[in-house]
Amino acid sequence: MESLVRGIASLRVEAQSQLIWYNNCDYELFCIGDEWQDKVFTNERIAKGSLIGMLEGTLVNTRALVQDKYCVWLSDYELLDCRSTPRCILSMVREGFYEGIDANCKMGVSYMGEGVCAYVYAVRDIEAGEELFMDKEFY
């Protein structure tokens, strides 16, 4: 009985550790990561110009400098805070500029009244198995 309880407890820990991110896209994406960096890949081909998905998080108006790999700056004073888990998989896409790699997708920002919409789209064909690298539209 004790080994069964330990087995169930370890399954719960594994299940909880897998709830770090979620995929809210129409494409089959997956993430491989550790405490230093995350890498997001696609399991299917994404055509140039296709909308990959929407970034989800909490909109924060701030003048404070926030340095976190899960905070996405939308303007000089607005950021999308994606630190809470499970987090949107698109917030985990690495920026190509810092890696010295040409981006295969870009982030765009649209303002609609009081709201904001941050989205990611393909700037070239992205093949199955390829890692996503993002550039931000407003840079």
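Q: Which residues does Asp38 touch, not counting residues up to four places away in sequence?
A: In this predicted model, Asp38 touches Cys31, Ile32, Gly33, Lys69, Tyr70, Met92, Arg94 and Glu131, where a contact means heavy atoms within 4.5 Å. Residues are numbered from 1 along each chain as its sequence is written, and side-chain values use heavy atoms, with hydrogens and water left out. Because the model is predicted, local features need pLDDT of at least 70 and side-chain atom pairs count only at pLDDT 80 or more, while totals for chains, interfaces and linings use all residues.

Q: Why is Asp38 called buried?
A: Buried means under 20% relative accessible area, exposed means over 50% and partly exposed lies in between (1.4 Å probe, protein chains only); Asp38, at 6% relative accessibility, therefore counts as buried.

Q: What makes the pairing of the Asp38 and Tyr70 side chains a polar contact?
A: The term requires a pair of N or O atoms within 3.5 Å, of which, within protein, one must be able to donate a hydrogen and the other to accept it, and residues adjacent in sequence count only if both atoms are side-chain atoms. The side chains of Asp38 and Tyr70 make such a contact at 2.4 Å.

Q: What makes Arg87 a charge over the ring of Tyr70?
A: The criterion asks that NZ of Lys or CZ of Arg be within 6 Å of the ring centre and within 35 degrees of the ring normal, and the charged end of Arg87 sits over the ring of Tyr70 at 3.6 Å from its centre.

Q: Why is Asp26 called exposed?
A: Asp26 has 76% relative accessibility, so Asp26 counts as exposed. Asp26 is found in the loop between strands E1 (21-22) and E2, and touches Glu44 and Ile52, residues up to four places away in sequence not being counted.

Q: Why is the pair of Phe30 and Phe41 called stacked?
A: Rings of Phe, Tyr and Trp (its six-membered ring) pair if their centres lie within 6.5 Å, and planes under 30 degrees apart count as stacked, over 60 as edge-to-face and the rest as tilted. A search of the whole structure finds 2 aromatic pairs. In one of them, the centres of Phe30 and Phe41 are 5.4 Å apart and the planes stand at 20°, so the pair is stacked.

Q: How do you know that the pair of Tyr119 and Tyr121 is tilted?
A: Tyr119 and Tyr121 lie 6.0 Å centre to centre with 35° between the planes, and the aromatic pair is tilted.

Key:
Helices (H or I, at least four residues) and strands (E, at least two) are DSSP runs, numbered from the N terminus.
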